[in-house]
Amino acid sequence: MNVAEIFETLEYGPAPESPAAANAWLDAHDRRFGLFIGGEWREPSSGEYFDSVNPANRRTLAAIAQADAGDVDRAVKAARAALAPWRALGAHGRARYLYAIARHMQKHARMFAVLETMDNGKPIRESRDIDIPLVARHFYHHAGWAQIAGRELEGYEPVGVVGQIIPWNFPMLMLAWKIAPALAMGNTVVLKPAEYTSLTALRFAELCAEVGLPAGVVNIITGDGRTGEALVKHDDVDKIAFTGSTDVGRIIRVATAGSGKKLSLELGGKSPFIVFEDADLDSVVEGVVDAIWFNQGQVCCAGSRILVQEGIADRLVAKLRARMETLRVGDPLDKGIDIGAIVAPVQLEQIERLVEQGREEGATIWQPSWSCPEDGYFYPPTLCTEVSPAATIAQVEIFGPVVVLMTFRTPGEAVALANNTRYGLAASVWTENVNLALDIAPKVKAGTIWINCTNVFDAASGFGGYRESGFGREGGREGLFEYVKPSWESHEPAGTRRRGKSARAGAAADAKRSTKRGGTDGMPAIDRTAKLYIGGKQARPDQGYSTPVTSADGVFVGEVGEGNRKDVRNAVEAAHKAEGWARATAHNRAQVLFYLAENLAARADEFADRIAAMTGDRKAAAAEVDASVQRLFTYAAWADKWDGAVHRTPFRNVTLAMHEPVGVIGVICPDEQPLLGFISAVAPAIALGNRVVAVPSVTAPLAATDLYQVLDTSDVPGGVVNIITGPRTDLANVLASHDDIDGLWYFAHDGGGAEVERLSAGNMKRTWIVAGRDWADPLQGEGEEYLRHASEVKNIWVPYGE
Amino acid sequence: MANMQRNTALERGGRPLRLHADRNPGFPLELDWVRDIRINRSAVERRAETIAKRRTVKKQWQAAWLLRAITLMDLTTLQGDDTEGTVRRLCAKARNPVRADLLESIGAADLPIRVAAVCVYHSFVATAVGALRGTGIPVAAVSAGFPAGLSPFDQRVAEIHASVAAGAREIDIVVTRSHVLNGDWEALYDEVRAFREACGDAHLKAILAVGELGTLRNVARASMVAMMAGADFIKTSTGKESVNATLPVSLVMVRTLRDYMERTGHAVGFKPAGGVRTAKQALDWMLLMKEELGNEWLTPERFRFGASSLLGDIERQIEHFATGRYSAQHRHPMA
C-alpha cells in the first residue's frame, strides 16, 4: 500500500516489534533448555523434553525439560543448602541482590517483553508497558523490604525452602510476585513456571547468574503438572505458594494437609464489574476494555461479570458494541494490537465450548463484525447479554475475552449479585458518588476493590482472594507474612512445647462414673446442667446425650452436652445472623471485651475452683483465670487499634488496605489451660468482628460452659460466640466440611488438624493449625499473629481528581 | 423525548443511523443534557495516556498520516508583531506546505496537500484573503475580543460582522469563561447563539479556553452548551492560556461531541489548538479522533489543528521518511 492510498484510507498498517533479539537468544541455546538447579544448568534425569509453542503462529519456540521427582529433589536440596548462607548474608546483602535483579530487569526489559509475548501470546503493548515494568517495580519494592525487614518484621524469620508454582497468564509478573518477597524475607526458592510459558523464567534464571546471586537461592525447574505435584509433595519444602486454577489449588490444599507446610493460594475468580447509573459511561467502556480484553481475558481478576443499573443498560451495551468494533485482534508482536492470541488450543476450546453453552442456555452472544486471523489461536471479544445468574457462563470462570452482562435495580441488589459467587478475588465499582463507592466497597466480598478503575496492580498493594479465590496476599506489607514465621517457633519446636496439665479424656465410654459429688453440709448441690450455647441461648444438644466430665483423679465434676452436626449447623446459622457484630464499631466491640474481662474477674474464684476441680491444681487455675482476664484486656485493646494502611502506590489514588473480619470462624480449642486456651482463640476473633463456633477443651469443657452467663451479662450479642461441647474430631470435621464457614482454627494437638485441612479444601476456608502452645506466654499466646489470622486485608483503590 | 432520540440514534453499534449533512443548526438549550454529564478525570487520563500506546503508525503509513495532518491544519499566526508581510509569507507557505520534490519522491505529488485554513487576527483578514485568492483555502479570523473575550458584547458581535465582511469564512470566538465557572448556561448559550447568528454563512468555532475552566466536567458542560448554541466546531484554547490543548481535555470534548451527535444527529467538528508542536503529537490526536469517532473526523470539515510551528516538524519527518536521513529545519522553506 503506497502513501497516496493510505492518505485516503488512513489505515494503521503493520507496526511489528522485532523478534530478532529473542530469536537470537533462543538460537544461542540451540532452542533447548535444561533445569536451573544450584546455579547450574542440568539435563532432566528423564531425558524428556516438551515443546513451547508460540500461540500466535503455532511455531515451536524451544524444547523445555520435563523435571521428574528426582530433579525436584535435587532442586530442593540445592535450595536447602543455600538457605543458611543466604540467611547469614543479612538484610543489606539480600537487598543488594534484589536491587541488582531490579536493575537488570530494566536493562533487559525489551528482551523479556518480546520473549513473553512470543511465548504467551499477549500483546507487546501489555508485556512492554505493564507486565515487565511491574516486574522491575516488584523487585525494587522488595529490595526495600529486604533492607528494613530486620526492624520492621522483628520477631519473624524466614519460612525456609519455598516451592512456587505459577500460571501461564502472567509468566514473569507471577514469577516476580513469588520470588521477590520470598528472597527479601530470606527464603530460598524452587520455582516451576507453567509448561506453556517457561521461557522468560529460564531467561530470568540466567539473569540470576548474571547478578551473581548465590547458587541455589533461586532454582527454576520446568515441567507439567507431574513436576508440580512432586514439588508440592516433597518433604523438605516448608511452604508452597501457588497461583492458578481453583481446581488445582484444591488438590494442593488436600495434598499438603497435615504436612505442616505453609500455604498460600491465589486462584480463580468471576469478578463483578459494577456500573451505577451516575458513572462516566465512556470511561466505563474503557474500563471494560481493561477488565476483560486485557491479556485476552486470561486474567484471574478479570471483570467478567458486568452488573449494570437497569436504566442505563441499553446505552452501555450500545457503547460497548461500538467500542468492540474498534478493538484489534492479531499478531501480538504488533504494537497496534489490543488482543493477542489465546495461550493454547485447549484454552481456546474451553472458551468456545463455554460460549456455545451460553448460547444454548439463552444468552445473546455479540461479537464484532470483523474476523480474527487464522494462523494462531485467536478469539474475538465477546459480550453476552440476556444472561441470568443461573446461567453457566455467569458462574464459571471462562478465562477468555468473554464478558457477561446482567442488570440490577438498587445498590443492595448490586451487592447481592456481586457476592453471588464462590469466588472473591476482585471487584470494580463505577460511580461518581463517593458515598456510594465507599458504601459498596466493604460490602463486596473480594480482596481487591477498584473504584472507577480496574486491573491496576502494584508491589506496594496486597493482592489475593476471599472465599474460593484462595488465601494469602502478594505485595505490600501484608504479603511479607506469607514468607515468614514467628522466630520463637524455631526455638521451641512443636511437640516439645509446654503442655498444661490435662484432665482425663472425657469420652463417655471412658468415664468412670463416680459417686463422689460435690455438696455442703450434707445437702446435695443443686444440679447444674451445661447445655450448648447457640445464638445467645443455652440449647439442648440435638441428640439428647450428655458426657460426664471428671477431674484428673477421676472424680465426677459435671456433665456437658454432646453436640453433633445439627448443632453445628444451628450454631453456624446463628453466627451468620449475628453479622451485625462485624459492622459494630470497633469501640463498641472493645467495650464488650473489657466488660467480659470485668465480669470474668468478678467471678475469678469460682472459675479457679472449677478449673481446679477438673485439673487438680488450684494455684495454676487461679493464675489461668488471671491470665484470661489479661488476655481479654489485650484484645479489647486491639479491637480499635488493628488499623489498616494507606499504601504508597505510584499513581494518583488512595489505596486503602482495610482489615475486615474473616467472617464465621470455627475454633477448636486446646485441651490444656481450658479457660485461657478458649479465650486466647475466641477473643482475637470476636475483637475484629468475626463470629465463632467454638469447640472447647474436651477434657475440661466446664471452664467454657461456665462462661455462658458471663457472655450473657457482658452484652455479647447472641450468635457472636457459639459453644458446642462434644466429640472433638467429629465436630471439627463437620466444621471443616461446612461450606458456609470462612475460617477454621485447630488448636488441639491430637493430629486432627490434617483432616481439617483436607476437608477445608471444599470451600477453601482459611485454616490455622496450631499445636501445643504455652498459652500463658504472651509471645506464643497472643498478639498480631492472631489478629492477622482473624482478618482479611482488602485493598481498595480510589483514584481521585476532578 | 431526549432519551427516545438518543436510543434511536444508538440503535446500531453506537453509530448514528442518520447524520445530517448540513451544518449543526443548534438545539434548544436542554439543561438536563448539561446536568447529566459525568466525567471521571482519572479514567479519562488513563484512556488518553494509552490511546497513543495502543496504536501507532510507521513507515509509509506514518508519512501518509502526516500528509493528512497538514490538510487538517489551521496554519496560524496570532502575534502582536504580525504585519502584512509576515501574513503574506504564511499564506505562501499555506499554498505549498511541503517541498514539491519531497512529495514527488514519496509518490504524493498528485495529492491535494494544502492546509485547511489560515488563521489570523481581524486586521489581516483582507491581506490573507488576497494572498490566498484562487487556492480555495479559507481564511479564519479570531474574533469577539480574542483572547480574553471580555470586550463589550456589542463590540464583539460587531467584530464578527467586520471579519465576515472582510472575507473571513471561519470565525474563531472565545466564550466568556465566567459563564462556565458560574454555571450560567443560559448566558453562555445566548452568547454563542448570538455569535453564530452574526457569522451568517461563515463557520463558527467556539473556543472554550479549557485551561481556564478548572475542571474537565466544566469543559464537557461548556462543550455541550456551545454545540446546542450552534457551534460548527468546538475548540480547546486560544493558545494564550497557560495550559492549552491536552489529550485528556480533547478526549472529554470529543466524547461530548459524540454524545451531542447521538442525541441530535448533528455532527460538530473539533479543533485542538495551542501546544500541538510535533509530528508525534499530531499523530496522537489523529489516533484519538480515529479511535473515538472514526475516519470521518479526520477531514477538514470535522477536525482541525490550530498550529503555528507544527508544520515545520512534519516537514522534517516527511523528509526523513523520504531519504532515511534526519532532516534539518533550514532545509524547508519558512513561513
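Two strands are taken to pair if DSSP finds at least two bridges between them. On that basis, 8 strands of chain B in this predicted model form an open sheet whose order is E7-E6-E5-E4-E3-E2-E1-E8, with parallel pairing. Strand E7 (269–271) and strand E8 (305–307) of chain B each have a single partner strand and stand at the edges, so one side of each is left without a neighbour in the sheet. Direction ignored, neighbouring strands of this sheet are turned against each other by 25 degrees on average.

**Helix packing**

Two packed helices are described by the angle between their axes and the distance between the axes.

| Helix pair | Angle | Axis distance |
|---|---|---|
| H14(A) (residues 411–418) and H15(A) (residues 434–443) | about 30 degrees | 10 Å |
| H4(B) and H14(B) (residues 310–323) | about 155 degrees | 10 Å |

Angles under 35 degrees count as roughly parallel and those over 145 as roughly antiparallel. H14(A) and H15(A) are therefore roughly parallel to each other, and H14(A) passes H15(A) in a right-handed crossing. Where these helices touch, A:Pro411, A:Ala414 and A:Val415 of H14(A) meet A:Leu436, A:Asp439, A:Ile440 and A:Lys443 of H15(A). By class, the residues of this contact divide into 5 nonpolar and 2 charged, with no polar residue.

In chain B, H4(B) and H14(B) are, by their angle, therefore roughly antiparallel to each other, and their crossing is left-handed. H4(B) contributes B:Gln62, B:Ala63, B:Leu66, B:Ala69 and B:Ile70 to the contact, while H14(B) contributes B:Leu311, B:Ile314, B:Gln317, B:Ile318 and B:Phe321. The contact of H4(B) with H14(B) has 8 nonpolar and 2 polar residues, and no charged ones.

**The contact between the chains**

Between the two chains, 38 residues of chain B are in contact with 38 residues of chain A. On the side of chain B that touches chain A, the elements giving two or more residues are helix H3 (41–54), helix H4 (59–71) and helix H13 (279–293) of chain B. The side of chain B that touches chain A comprises 14 nonpolar, 10 polar and 14 charged residues.

**Local backbone features**

Two loops hold backbone features that may be noted individually. In chain B, the peptide bond from B:Phe146 to B:Pro147 is cis, with omega near 0 degrees, and B:Pro147 has its place in the loop between strand E3 (139–143) and helix H8 (153–165) of chain B. In chain A, A:Arg31 is a residue other than glycine with a positive phi, near 50 degrees; A:Arg31 lies in the loop between helix H2 (20–28) and strand E1 (32–33) of chain A.

**Confidence**

For the model as a whole, the scores are ipTM 0.94 and pTM 0.95. Chain B has an average pLDDT of 94, and 94% of the residues score at least 70. Over residues 1–17 of chain B, however, the pLDDT is below 50, although this stretch has 30 contacts in the model beyond near neighbours in sequence.

Notes:
Residues numbered from 1 in each chain as written. Chains lettered and ligands numbered in written order. Predicted model: local features only at pLDDT ≥ 70, side-chain atom pairs only at ≥ 80, totals over all residues. Axes fitted to C-alpha atoms, helices over the stretch in contact; angles between N-to-C directions. Helix = DSSP H or I, 4+ residues; strand = E, 2+ residues; numbered from the N terminus. Parallel < 35°, antiparallel > 145°, perpendicular 65-115°, else oblique. Left-handed = near helix turned anticlockwise from the far one by under 90°. Contact = placed C-beta atoms within 7 Å. Nonpolar A, V, L, I, M, F, W, Y, C, P; charged D, E, K, R; others polar. pLDDT = per-residue confidence, 0-100.
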